[in-house]
Amino acid sequence: RNPVFSRLLNFSLKDQPRFIIWNIAFKGIKERPLLGWGQENFGIVFDKYYDARLAYDEPWFDRAHNVVFDTLIAGGVLALLAYSAMFVFLFRSIFVDPRREFSFTEKALLIGVIVGYGVNNLFIFDSIATHILFFSVLAYVLQHTGATRNEYVWRKVSVPFLRSRSVSFAVAIILVGLLWTLQARSYLVAHNFWGGITYASVDVLKSIRMYERAFKHKSAETYFARNKLAGEGIRVYHNGKIPNDQKERFLSYAAEQMRLNIARNPLRVQPLYNIGDFYGEIGNFEEALTYLNRANALSPNRPFIITRIGAIHIHAGEYDKALEVLGKLMEKMPEYELAALYYAATLQYMGETTRAEEIILAYTGRDINPDAVLLRAYDKTGHRDRIVKAWEQELAKYPDNARFWVFYAAILLKTENKE
């Protein structure tokens with residue numbers, strides 16, 4: 001069977017991630033049709049109307065992957081009218097403007113570029129590359145329809161004082177200020193933030209200073225940069241080469257910045273999940289559950305958040321609570337395999353190996369699975385023979401996988417089977 005034709009024949013709009021995201025966006029547009037949700041706020045809509053069918057896809061989306069929906073989310077119908085006006089005047093200049101009649105070839109090329117750009121934007125979002133293309137076409141058409149500076153800037157200006165050089169100078173200053181606000185500050189945030197990441201494993205104190213420089217510049221990137229601190233904090237926590245006092249200082253600073261991110265973005269789920277995951281990794285299970293439950297309250301259909309809550313209960317030794325949380329998720333989403341694996345791991349910790357293997361068999365088709373969650377449970381409960389068996393099964397299927405042979409050798413050494 002040809003996989004390409006098979007995919008085309010079995011194609012369904014219903015379960016395609018992009019169309020699911022469009023449906024989420026449409027719900028947000030219906031809620032705020034006139035003015036939208038504000039710039040860079042699709043994530044709020046995505047969190048609020050999250051669809052569990054996206055469980056196996058990217059967990060966080062900040063765009064609708066459709067410029068029409070993205071524009072409506074950002075600024076509502078008014079923003080879409082302004083965006084559409086550019087196309088209206090562009091087509092008018094090409095086909096109607098009497099000052100310059102484009103040849104048939106020129107019209108065909110221009111229309112081809114514009115239509116291609118428009119169709120592309122129905123399935124993706126604008127980037128610097130597409131902006132350069134689109135505004136270059138706008139500039140070309142404007143230049144070739146006789147729209148000179150004298151005609152559109154000087155002769156059409158009805159307010160005399162706008163022709164003053166001092167006013168022009170003031171406008172230039174404003175433009176420079178806008179450039180600083182929109183671009184330079186974002187660059188400084190990114191530059192200093194990546195410096196903080198670079199120094200985190202070498203000089204923790206310098207890393208903190210770099211982060212402080214990054215976060216003193218307020219920009220759209222500050223939100224995303226603070227979100228990254230959870231992962232950096234976890235890496236620092238597990239780095240045995242960093243002195244404990246410096247490690248504690250970094251973890252305290254990371255937690256402070258993540259809490260600030262939550263305070264400034266109260267409707268966003270990702271900052272809540274990140275700090276919950278961070279606290280779970282460093283062993284503060286009470287704080288982890290507090291933030292993860294808040295995340296679940298804002299976006300209750302996200303199975304990976306519920307699974308993480310169950311995992312925290314496992315780490316805290318609260319096995320009954322873990323079974324309750326994961327069991328409800330399995331009833332709600334029986335196809336979500338990760339919840340079943342955590343459920344089986346919980347049973348393994350409780351000494352109910354037979355029940356655990358029944359769950360694994362029902363979901364994966366074999367009684368032992370090499371998933372890290374289960375391997376950790378086997379190791380901590382002294383069932384290393386099952387880890388050996390799991391890797392033997394994998395090697396039978398993938399005999400040329402070097403990584404699997406390394407894992408297999410490591411567990412044999414751990415079980416003192418050095419042959």
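Arg-235 is exposed, with a relative accessible area of 52%, where exposed denotes over 50% relative accessible area, buried under 20% and partly exposed the range in between (1.4 Å probe, protein chains only). The structure is a predicted model, in which local features require pLDDT of at least 70 and side-chain atom pairs count only at pLDDT 80 or more, whereas totals for chains, interfaces and linings use all residues. Residues are numbered from 1 along each chain as its sequence is written, and side-chain values use heavy atoms, with hydrogens and water left out.

The side chain of Arg-235 meets that of Glu-232 in a salt bridge with an N to O distance of 2.4 Å, a salt bridge being a side-chain nitrogen of Lys or Arg within 4 Å of a carboxyl oxygen of Asp or Glu. Glu-232, with a relative accessible area of 6%, is buried. Because Arg-235 and Glu-232 are three residues apart in helix 10 (residues 220-237), about one helical turn separates them; helices (H or I, at least four residues) and strands (E, at least two) are taken as DSSP runs, numbered from the N terminus.

The structure holds 12 salt bridges. Among them is the pair of Lys-48 and Glu-31, whose side chains meet at 2.8 Å, N to O, and which links distant parts of the chain, with Lys-48 in helix 3 and Glu-31 in helix 2, 17 residues apart. Lys-48 is partly exposed at 43% relative accessibility, and Glu-31 is likewise partly exposed, at 36%. A further salt bridge joins the side chains of Asp-379 and Arg-384 at 2.9 Å, N to O; Asp-379 counts as partly exposed at 23% relative accessibility, as does Arg-384 at 28%.

Across the whole structure, 28 aromatic pairs are found, rings of Phe, Tyr and Trp (its six-membered ring) being paired if their centres lie within 6.5 Å, and described as stacked for planes under 30 degrees apart, edge-to-face for over 60 and tilted for the rest. Trp-391 and Phe-407 form a tilted pair, 5.2 Å centre to centre with 35° between the planes. Trp-391 lies in helix 19 (residues 384-397) and Phe-407 in helix 20 (residues 402-414), so the pair ties together parts that are 16 residues apart in sequence. Trp-391 counts as buried at 9% relative accessibility, whereas Phe-407, at 34%, counts as partly exposed. Elsewhere, ring pairs link Tyr-83, Phe-87, Tyr-117, Phe-134 and Phe-135 into a cluster.

Charged groups also sit over rings, a placement that requires NZ of Lys or CZ of Arg within 6 Å of the ring centre and within 35 degrees of the ring normal. The charged end of Arg-32 is placed over the ring of Trp-37, 3.9 Å from its centre, and Arg-63 lies over the face of Phe-125, at 5.8 Å from the ring centre.

With regard to the overall fold, the secondary structure of the protein chain comprises 20 helices and zero strands, and 41% of its 419 residues count as buried. Of the contacts (heavy atoms within 4.5 Å) with a separation of 6 or more, 57% are accounted for by residues 24 or more positions apart. Arg-249, found in helix 11 (residues 244-264), touches Leu-205 and Ile-208, not counting residues up to four places away in sequence.
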